[in-house]
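We'll go through the model piece by piece.

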Amino acid sequence: MALTATAGCAAGTALGASASAGSLEADARVARAVLPVQTPRAELLQPWTGPYGGVPPWDKVTAAKLREALLEGIELQRADYNAIADNAEAPTFANTLVAMQMAGEPLDLVGNIYGVMTSNIGSDDYNAVDTELSPLLSAAGDEISFNAKLFQRVKTVADNADAMGLTAAQKRIATRSRDSFIRSGAALDAAGKAELGRINTALANAFTAFSQKVVADENTWTVIPNEAGVAGLPASNKAAAAAAARNRNLQGWAIINTRSSVDPFLSFADDRALREVVWRKFVNRGDNGDRNDTNSTIAEIVRLRQQRARLLGYRNHAELRMQDTMAKTPAAAMELMNRVWAPAKARVTEEVADMRAIAGHDIEPWDYLYYSEKVRKQKYDLDQNELKPYFELNNVRAGSFEMARRLYGFTFEKLAPGTVPVFHPDVVVYEVKDAGRPIGLYYTDDYARAGKRSGAWMTTYRSHSTFDGPKNTLGSNNNNFIKAEGGEPILISLDDAETLFHEFGHTLHAYSSNVVYPALGGTPRDFVEYPSQVHEHWVLSRPILNGYMKHVQTGQSMPQALLDKVEAASTFNQGYATVSYLSSALVDMDLHTQATPPTDIDAFEKASLERYGMPKEIVMRHRLPQFNHLFTSDSYSAGYYSYLWSETMDADTWAYFEESGDVFNPDIARRFKEIMLAPGNTVDRAEAYRAFRGRDPDVRALLKVRGFPTS
């Protein structure tokens, strides 16, 4: 899922406070002098050429070339870091920390290509490269962390930052780098480093295996052979299911085993028995006792994580992972989750009672979405099918661009096909400008395909920084909509439209970045979802609805009466939405705070949910056997709570805009961009939020947005 000043500083001021242009140039010259002159041989390691400061050479990428480039890139990176470590001159910020910003650039560039080809294409040849190279890349990272001379240079700069006269930003880089080295095992003895290297390599192998197994289970489907089986489905979803069947040489309709296909079926299909079949297939991804079963892989991952945490001096994986977060401790994250969990469960009880009154029987998990639509219609006279004609994919995209223009001055202009290379014909590319000044490119990859991982996410091919000259930002958004045939419009749900704005929010964070050093471009895991989540709110703002979300047949804007129904129902079904998400976050934290990691993952999941009192009518949004956030890397492990942590700031920020009387308030938008988006992690994000809002975020705004009691 994405990217990422003294309080109240504009981005330009933050740049000046970090270092003058002259000192940046001098530091860059010193850093370049440290690094060896190397001429890569592999085609995919060559500097990116073409317009916009160079673009990825997607037209030249093959699995064989990618493998060759990654292997050579590891060697080039090793030479760079060894040169820094072996430098005979005394360590300085320029010859150590700045040089490290430049080290391994060819591998960084090809690494971005590697991530796209394994996530967006995912064919057998790229999977083979992933299986072979992921442990080698992990070992290459360990080699840097375990380099004693390199660590000593970083530590010397960090420990003597004041005496060296470092700026606040430079001191932050040095101290964070030192601390990151320590968390990565730099302070261990030789035996400890060897053991940690073994663990990290084993984890890299397990992450790859998990990912490939889940993708394989998602590349399955349920065939609906006759018309009665798709009764109740909206015409657009029926057409998508028919197209999915034809694309697989099947008769009838196919419900692909991904959320974008399954959720509409569960919401609208009248055949209860078929809903159960589709639901069971979906929630049992990775949990079928076959070659794609992930339970043993998960058990191995949590065992290795616990070993690593203990080796590094932490009680558990969660404590280790949360060192560099806003929450800081598992207890702080749990406090927020528990604040929301009880009212969410209470709301589920109310929702189930309403559904039982209509259904006349107990509500099972495959009934929840279906009967919630019946209740929505009864309570609010609102049918989700009334909304879909207003959310045609191209119009939603155009609306997101208008949001970006009004808030931040960004514009997006579609490039003609062939202007720059793309990795698949479905990809569309836009030129991005900030107040008329070109700043980069935006790539969209909207459609599902075999091998592509499910869901929606954002990727940055090249991030912004200025320490070695300004760089254009190259960002992308990825979705999994079913491609229509014959030019038919692609109608998406309100939820899908909000997801598109969410992922676009990650991209806007990247385009807003105005950091000097790449090391300060990223943000803590429990902040990174904040910029994306807050942008979801503008989907239903009247300026966006009036200008872009127009009825696909009549061309009319959404009438106020329909919008009033949507807003009246805005907290409807929040019990389901909150419990399905929050149960996943709670089980994540429970799993990663265990003194003894479980070996029976299914049994642990069941017992954990029982301890939290999980309503029987709902299943986790992400059950452990398919929980990509947790088990394809360490990124969101012990960190799925971060969506809720970020939503606290998101809800409070949206309240700030609303209370101003203008949801496009230019002053608030300017300050949000300059204080919250542009500086990356130049200063502590909690301090930045206080500078923006004048106080800490108020959790009551979150409870209000979800329709829960605020007292």
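This is a predicted model: local features need pLDDT of at least 70, side-chain atom pairs count only at pLDDT 80 or more; totals for chains, interfaces and linings use all residues.

Residues are numbered from 1 along each chain as its sequence is written, and side-chain values use heavy atoms, with hydrogens and water left out.

Let's begin with the interior. In soluble globular proteins, nonpolar side chains tend to be buried together. Here the largest nonpolar core has 123 residues. A core in this sense is a set of buried Ala, Val, Leu, Ile, Met, Phe, Trp, Tyr and Cys residues joined through side-chain atoms within 4.5 Å; buried means under 20% relative accessible area, exposed over 50%, and partly exposed in between, using a 1.4 Å probe and protein chains only. The residues with the most contacts inside this core are Met337, Phe391, Phe412, Trp538, Leu624 and Phe631. Helix 15 (residues 330-359) gives the most to it, with 11 residues. Helices and strands are DSSP runs numbered from the N terminus: H or I with at least four residues for helices, E with at least two for strands. Zoom in on Trp538: leaving aside residues up to four places away in sequence, it touches Met403, Leu407, Phe501, Ile544, Trp654, Phe657, Val663 and Phe664, where contact means heavy atoms within 4.5 Å. Another core lies apart from this one, with 35 residues, among them Leu44, Leu70, Val129 and Leu133.

Now for helix 4 (residues 93-102), which is mostly covered, with 10 of its 10 residues buried. After helix 4 comes Gly104, with a positive phi near 70°. The axes of helix 4 and helix 7 (residues 148-159) come within 10 Å and cross at roughly 115°. Axes are lines fitted to C-alpha atoms, for helices over the stretch in contact, with angles from 0 to 180 degrees between N-to-C directions. On the helix 4 side, Phe93, Asn95, Thr96, Leu97 and Met100 meet Leu150, Arg153, Val154 and Val157 of helix 7. That contact divides into six nonpolar, two polar and one charged residue.

How do helix 9 (residues 190-218) and helix 13 (residues 295-311) cross? Their axes come within 9 Å at roughly 155°, so the two are roughly antiparallel; angles over 145 degrees count that way, those under 35 as roughly parallel, 65 to 115 as roughly perpendicular and the rest as oblique. By class, this contact has 11 nonpolar, four polar and five charged residues.

Helix 27 (residues 642-659) and helix 29 (residues 685-693) cross at roughly 15°, with axes within 12 Å, and are therefore roughly parallel. Met649, Asp652, Thr653, Ala655, Tyr656 and Glu659 in helix 27 meet Tyr689, Phe692 and Arg693 in helix 29.

Finally, check the loops. Asn249 has a positive phi near 60° without being a glycine, and sits between helix 10 (235-247) and strand 2 (253-256). Asn249 is exposed, at 72% relative accessible area. Asp381, also not a glycine, has a positive phi near 50°; Asp381 is partly exposed at 38%.

Notes. Ala, Val, Leu, Ile, Met, Phe, Trp, Tyr, Cys and Pro count as nonpolar, Asp, Glu, Lys and Arg as charged, and the others, Gly among them, as polar.
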